[in-house]
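Welcome, and thanks for taking a look. The report below starts with one pair of facing residues and widens out from there.

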Amino acid sequence: MKLTTSKTLTPKLIIKLWIAFILLVLLMGVSYITITSYFAKLHYQETAQRLNAEIANHVIAEKFGNASPFLEDGSVNKSLFGDLMHDMMAVNQGIEVYLLDNQGSILYSVVLDPNDKDAAKSVSLAPIHTFIKNKGEKFILGDDPRNIGAKKIFSAAPYSVNGHQGFIYIVLTGEKFQIVSDTLSSQYFLKLGLGATILTMIFSALIGLLAIWFLTKNLRLITSTVVRFREGDLTARIENPERSDISIFANSFNDMADTIVNNIDKMQSVDLLRRELIANVSHDLRTPLAIMKGYIETLQIKRDTLSEKHKEEYLQITHDNIDKLSKLIQQLFEYSKLEAEQVTPIKEPFSITELSHDLIAKFNVLAIQKQIDLQIVNPEENCMVFADVSLVERALQNLIENALKYTEPNGKVTLSLNKKGKSVEIKISDTGAGIPESEQPYIFDRYKQVNESAKKQGSGLGLAIVKKIMELHDTTITVLSRPKEGSSFIFKLPTYAK
């Protein structure tokens, strides 16, 4: 097994992982030494207190039985305490003996300087009572008279001699003991810390190398996949992302890659359509311009020889082509705004029934000219919808124009309104040539015309504009058609509820 990091992982990441790991190890080492020293000290204190729990009782039994700690005048027998401290310090120099009265006031101690203003004048009796009650079997700390606020292990016992009552209070770890203990402890824990740190670093380095290699295994795989995708392999995907330790990132990358590929496909498709659009628009712009130019040149060259009838005919042809050119430019401008999402529908309640009747009346003149029967099929109920009236009117105009364009003379075009639940269904049907089934999915594409011979009749943007208008209204338009049986375009708009 080769325990090396992949080149696909940045050095910064590896360095950060190692720094974090080293800091974690050091923190654990410091915490270990601190906790160990604390509990070792606690263990020693409890052990020392239990071993020396009866020392105060022994002092009272052996010393106070032979001589009184008080002189006849009631003062403290200092020579007795001097001998006592000499004997005890010969065995343990860390011991400090204090003579207390019933109130805890310090009557005498060899180690306590009466002129020391920082020294305590009394000792709290609560720990002493607890110690005596539990016979020294319970670990408890008492006051250190030489260091106000400090706590030390102790032994204590009550005395009652010649009418005097109080306590013998023995600090088991006095100032000398503390100095020696602190020196030795610092050396001990320094050695322990160095030894533990070196061993920990060695084992941690091995464990860390394995851990970093194992933890970054999935990250290296994902990184290599990302690099492949960046270098052009658009099929690169992270396999079994749900099994990865960082499945969210793996799934996100796969989704991102799919989105990028889809966008690239769409961009390529858009680019292809753009080129087709430019070619078709160029053709449709060139055709009416060429016709206008030809007739205008004819009028200029033969204006003296042409009859008024021919002049009027040429001018009318020129006028018709100008209308076609204006309509094409208007449709291009309108579609570009819709595709760029620069049109925001202003929805309001209006009568789709009244709008339909107005449009039928408007196109009826053209229908009569083409000998087409244009009708509206609508129940007596007035249908109210909630939509943008101008955009819906534009969509209906394009659909009716499209139906009239592909319907032969003596044919029929019908606009039907049917209320269905919470929506109104609008259907424009014709008896034209119909649309082959293979071409139906593409009829709403911009500049797509099924019948190539129809290019002379329009630009091919009408249905594309209708589709964009339907998308703005969160609805769809469908087509039902069979060759030689006509076509029906159907869409729905939400009804308006007062």
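## A facing pair and its strands

Let's begin with L141, which stands opposite I153 in β4. L141 falls within strand β3 (residues 141-143), which pairs with β4 in the antiparallel sense over three bridges. Two strands count as paired if DSSP finds at least two bridges between them. Helices (H or I, at least four residues) and strands (E, at least two) are DSSP runs, numbered from the N terminus.

This is a predicted model, where local features need pLDDT of at least 70 and side-chain atom pairs count only at pLDDT 80 or more, while totals for chains, interfaces and linings use all residues. Residues are numbered from 1 along each chain as its sequence is written, and side-chain values use heavy atoms, with hydrogens and water left out.

Strand β4 spans residues 151-161, and eight of its 11 residues are buried (under 20% relative accessible area, 1.4 Å probe, protein chains only). Strand β5 (residues 164-171) runs antiparallel to β4, joined by eight bridges. One of the bridge pairs links P158 with F167 in β5.

What lies between β4 and β5? The hairpin has two residues between the strands, and N162 takes a positive phi near 50° there.

## The chain as a whole

Stepping back, the chain holds 11 helices and 12 strands. Of its 498 residues, 36% are buried. Among contacts (heavy atoms within 4.5 Å) with a separation of 6 or more, 66% involve residues 24 or more positions apart.

Technical notes: Buried means under 20% relative accessible area, exposed over 50%, partly exposed in between (1.4 Å probe, protein chains only).
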